[in-house]
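Colleague: I am new to this one and would like to go through it by question and answer. Please show it to me first.

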Amino acid sequence: MSRVRRGFKGRRRHNKLLKQAKGYRHGRSKIYRSAKETVERALVYAYRDRRTRRRDMRSLWIVRINAAAKLNGLSYSRFIHGLKLAGVGLDRKVLAELAVNDADAFRELTEVSRQALEA
């Protein structure tokens, strides 16, 4: 059986992966086998941590909303419940942004929430 030289296709595949491994230390950026293992692991971490980042951001928004709601005399859970009863459709990202940058608008929202809870 004759020998098959991988040539162009294989080299292109290797170079593509080595380009992804650029910046890694020592053999991890130069040796194909080490680079392949490292890049695969890095991609797994990247996929996992995109989800973790969403989780972390949501908890940060909740902390900010809770702090601003407490300044206005409501707990986080009662504030959110009141907004649901009032039919306000703002998500936590927007509420946290208002809590940090626009205290007057957030105060109005706490009043809306409080009135909905009383009714």
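Modeller: We can begin with H5, where Phe106, Leu109, Thr110, Ser113 and Ala116 are buried; buried means under 20% relative accessible area, exposed over 50% and partly exposed in between, with a 1.4 Å probe and protein chains only. Helices are DSSP runs of H or I with at least four residues, numbered from the N terminus. The model is predicted: local features need pLDDT of at least 70, side-chain atom pairs count only at pLDDT 80 or more, and totals for chains, interfaces and linings use all residues. Residues are numbered from 1 along each chain as its sequence is written, and side-chain values use heavy atoms, with hydrogens and water left out.

Colleague: Around the axis of H5, what arc do the buried residues cover?

Modeller: The buried residues of H5 are Phe106, Leu109, Thr110, Ser113 and Ala116. An α-helix has 3.6 residues a turn, so residues three or four places apart point the same way.

Colleague: What span does H5 reach from its first C-alpha to its last?

Modeller: H5 has 16 residues, and the expected span is 22 Å at 1.5 Å a residue. That expectation is 1.5 Å times one less than the number of residues. The span of H5 is close to it, at 23 Å.

Colleague: How are H4 and H5 oriented to each other?

Modeller: Helix H4 (residues 92–101) and helix H5 (residues 103–118) have axes 6 Å apart and an angle of about 125°. Axes are lines fitted to C-alpha atoms, for helices over the stretch in contact, and angles run from 0 to 180 degrees between N-to-C directions. Angles under 35 degrees count as roughly parallel, over 145 as roughly antiparallel, 65 to 115 as roughly perpendicular and the rest as oblique. H4 and H5 are therefore oblique.

Colleague: How many charged residues does the contact of H3 with H5 have?

Modeller: H3 and H5 pack at about 75° with axes 7 Å apart, which makes the pair roughly perpendicular. Ala, Val, Leu, Ile, Met, Phe, Trp, Tyr, Cys and Pro count as nonpolar, Asp, Glu, Lys and Arg as charged, and the others, Gly among them, as polar. By class, the contact has nine nonpolar residues, four polar and, for charged, one.

Colleague: Which helices do the buried residues of H3 pack against?

Modeller: In H3, Tyr76, Phe79, Ile80, Gly82 and Leu83 are buried. These residues fall within an arc of 160°, so they line one face of H3. The face turned away carries the exposed residues Lys84 and Leu85. The buried residues of H3 pack against H2, H4 and H5.

Colleague: What phi does histidine 26 have?

Modeller: Histidine 26 is in the loop between helix H1 (7–20) and H2, and counts as exposed at 60% relative accessibility. Most residues other than glycine have a negative phi. Histidine 26 is not a glycine, although its phi is positive, at about 60°.

How values were computed. Helix = DSSP H or I, 4+ residues; strand = E, 2+ residues; numbered from the N terminus. Arc of directions from axis to C-beta. Contact = heavy atoms within 4.5 Å.
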